[in-house]
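Trainee: Please pick one chain of this model and take a close look at how it is built and what it touches.

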Amino acid sequence: MYFDSFAEFLQMGKHGFYVWTAYGVTALVLVMCWLSARGSFLKTTQRLQQQADLVQRGVPSAQHTENRK
Amino acid sequence: MLSVSLKRLWHKLGSPRWFFALTETWVKAAGWAALVLLIWGSAWGLGFAPADYQQGNSFRIMYVHVPAAMLAQSLYIGMGVAGFIGLVWRMKLTDVAISACLPLGMAITALALFSGSVWGRPTWGSWWEWDGRTVSTLVLFFLYVGIYALREAIADQDLRGRASALVAMVGTVNIPIIKYSVEWWNTLHQPASFGLTQKPAMPSEMWLPLLVMVLGFYAFAAFVVLVRMRTEILNREMGARWVSDWIQARSGR
Amino acid sequence: MSRLLRREWQVALRAKGAIINPVAFLLLSTMLFVIAAPDTVGSDAAAGILWTLVLLTQLLALDGMYRRDFDSGVLEQTLVGAQVPFVAVLTRIFMQWLSTGFIMTMLAPALGMLLGMPIALAPAIALAMLLGTPALSLLGSIGASVTVGFSRGGVILALLVLPLFLPTLIFGAGLVAAAETGSSIMPQVYALSLISLIALAIAPFATLAGLKISIEMQ
């Protein structure tokens with residue numbers, strides 16, 4: 001470990017604000033990119049699932065779009 | 001023999017269904033690799049790498065800024081290459097790739113600009129300096145926004161794809177020209193050369209964590225791009241039989 | 001080729017506004033600068049200001065480059081009917097340069113004087129413009145070809161085209177600055193020429209591709 005104590009680690013020799021802001025925002029942006037991609041994927045699979053359910057229940061495909069949000 | 005199987009591989013690559021099946025495991029691998037590499041690299045860079053002699057601890061921001069800047073450029077060039085392949089070999093999958101790289105590329109470029117600014121303040125005293133790096137990255141951001149605006153303006157999927165491919169290709173060709181001219185401009189207007197532009201040999205304790213972070217960022221990009229591509233493929237192939245088979249199999253789990 | 005040129009020339013003569021309006025804009029914006037920031041007259045910033053205004057004028061002129069022919073359907077006919085569409089596009093770009101870039105090249109030294117630059121710089125200014133404005137017409141044509149179908153194409157055109165203009169801006173303004181300090185202008189001459197050549201290599205193909213896409217969008 002480069003730092004002698006946890007307090008020193010947080011302070012980063014008086015550059016703490018900048019280092020942690022940079023890392024924090026980076027983490028935030030990366031997480032948001034991931035969640036956004038994941039959200040789209042889940043929305044699509046949900047829609048597909050809904051359509052598959054309708055097919056199983058025997059609903060004619062012309063009516064599928066009415067149930068789509 | 002080899003050329004026949006390569007040609008077949010190339011053709012398969014254009015098939016969304018085959019790509020979807022192939023990437024099922026790749027996505028998971030990329031995601032986990034990204035997580036491990038990013039956490040490991042960050043911990044190493046933050047806590048274990050030595051501080052820079054001149055910059056002190058603020059130089060640790062390099063471990064998130066440099067990978068972001070590299071990725072920002074790579075993603076755009078990736079779009080340009082995809083565009084080229086798409087226009088020459090008429091592969092629809094390349095437009096799927098472009099649409100997947102675009103949001104991530106914009107976010108990462110903005111992130112690079114932000115982290116660069118935060119790094120600059122304690123190190124060189126100002127939140128923003130107009131030098132070769134900042135101008136190049138800023139121009140890259142505008143290149144991304146241009147493609148974004150273009151895609152928003154064209155409704156037809158095929159035409160949107162062709163227009164994006166064209167613009168991405170022209171932009172990619174221009175990136176080295178822009179970089180060179182901006183660097184030249186910088187040498188004239190910035191007599192003081194900051195430590196970042198001249199790279200003294202970094203000891204391995206300093207660049208090894210950087211390597212890990214770069215790999216982590218690229219793995220993350222692969223992960224997000226693949227997720228988005230798979231989503232887009234499902235959207236485009238919604239009526240297909242293989243999609244309904246896949247969703248059946250998935251819900252059976 | 002000469003038939004195409006003759007036709008373009010006739011069209012250009014009829015559409016005098018396409019030539020006068022950009023010039024008027026250039027003069028007007030120069031005046032705005034002088035009024036808003038009088039200290040820049042005669043300063044080191046003058047060359048950069050002149051070049052930036054030239055770029056923006058070019059942007060304005062680009063918007064109508066293909067629009068009239070696009071709306072009237074002539075564009076499609078020309079591309080389909082031309083024996084070598086590549087040449088038709090190149091002719092159009094050349095005419096565009098003749099009506100905008102070339103005119104600005106002639107006017108630029110005078111505008112430079114208005115912005116307080118010494119008379120001795122006039123040849124340098126003209127040379128920079130002569131070498132740089134073709135790139136602007138060529139690269140701008142790519143953006144114009146893709147956005148001609150958009151109703152609000154102007155902003156997207158600017159977004160697409162200004163990053164492409166940047167290297168020409170850097171070396172164009174750099175050439176004048178170098179002439180001012182007495183250093184050699186040859187690096188900038190080479191750079192500007194190289195950029196224009198690269199633009200010449202890619203622009204006609206890219207423009208043709210862009211026009212085909214826009215025509216299909218109609």
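Mentor: Two residues are in contact if their C-beta atoms, placed from the backbone, lie within 7 Å. The model is predicted, so local features need pLDDT of at least 70 and side-chain atom pairs count only at pLDDT 80 or more, while totals for chains, interfaces and linings use all residues. Residues are numbered from 1 along each chain as its sequence is written, and chains are lettered from A and ligands numbered from 1 in the order in which they are written.

The part to look at is chain B. Among its contacts with a separation of 6 or more, 79% join residues 24 or more positions apart. Chain B contains 8 helices and 0 strands, where helices (H or I, at least four residues) and strands (E, at least two) are DSSP runs numbered from the N terminus. Read from the N terminus, its elements run α-α-α-α-α-α-α-α. The C-alpha trace of chain B spans about 60 × 40 × 40 Å along its principal axes. Of its 253 residues, 45% count as buried; a residue is buried if 20 or more other C-beta atoms lie within 10 Å of its own, exposed if 12 or fewer, and partly exposed in between.

One helix pair shows the packing. Helix 2 (residues 16-48) and helix 7 (residues 204-236) of chain B pack at an angle of about 150°, with their axes 7 Å apart. Helix 2 of chain B is therefore roughly antiparallel to helix 7 of chain B. Axes here are lines fitted to C-alpha atoms, for helices over the stretch in contact, and angles run from 0 to 180 degrees between N-to-C directions; angles under 35 degrees count as roughly parallel, over 145 as roughly antiparallel, 65 to 115 as roughly perpendicular and the rest as oblique. The crossing of helix 2 and helix 7 of chain B is left-handed, that is, the near helix is turned anticlockwise from the far one by less than a right angle (clockwise would be right-handed). By class, the contact of helix 2 with helix 7 of chain B has 23 nonpolar, 5 polar and 2 charged residues. Ala, Val, Leu, Ile, Met, Phe, Trp, Tyr, Cys and Pro count as nonpolar, Asp, Glu, Lys and Arg as charged, and the others, Gly among them, as polar.

The loop between helix 2 and helix 3 (62-89) of chain B holds B:Gln54. B:Gln54 counts as exposed because 9 other C-beta atoms lie within 10 Å. B:Gln54 and B:Ala30 are 24 residues apart in sequence and 36 Å apart in space, C-alpha to C-alpha.

The contact with chain C takes 21 residues from chain C and 24 residues from chain B. Helix 8 (122-147), helix 9 and helix 10 (186-217) of chain C are the elements giving two or more residues to the chain C side. Helix 9 of chain C gives the most, with 10 residues. By class, this side of chain C has 18 nonpolar, 2 polar and 1 charged residues. No contact joins chain A and chain C, whose closest C-alpha atoms lie 24 Å apart.
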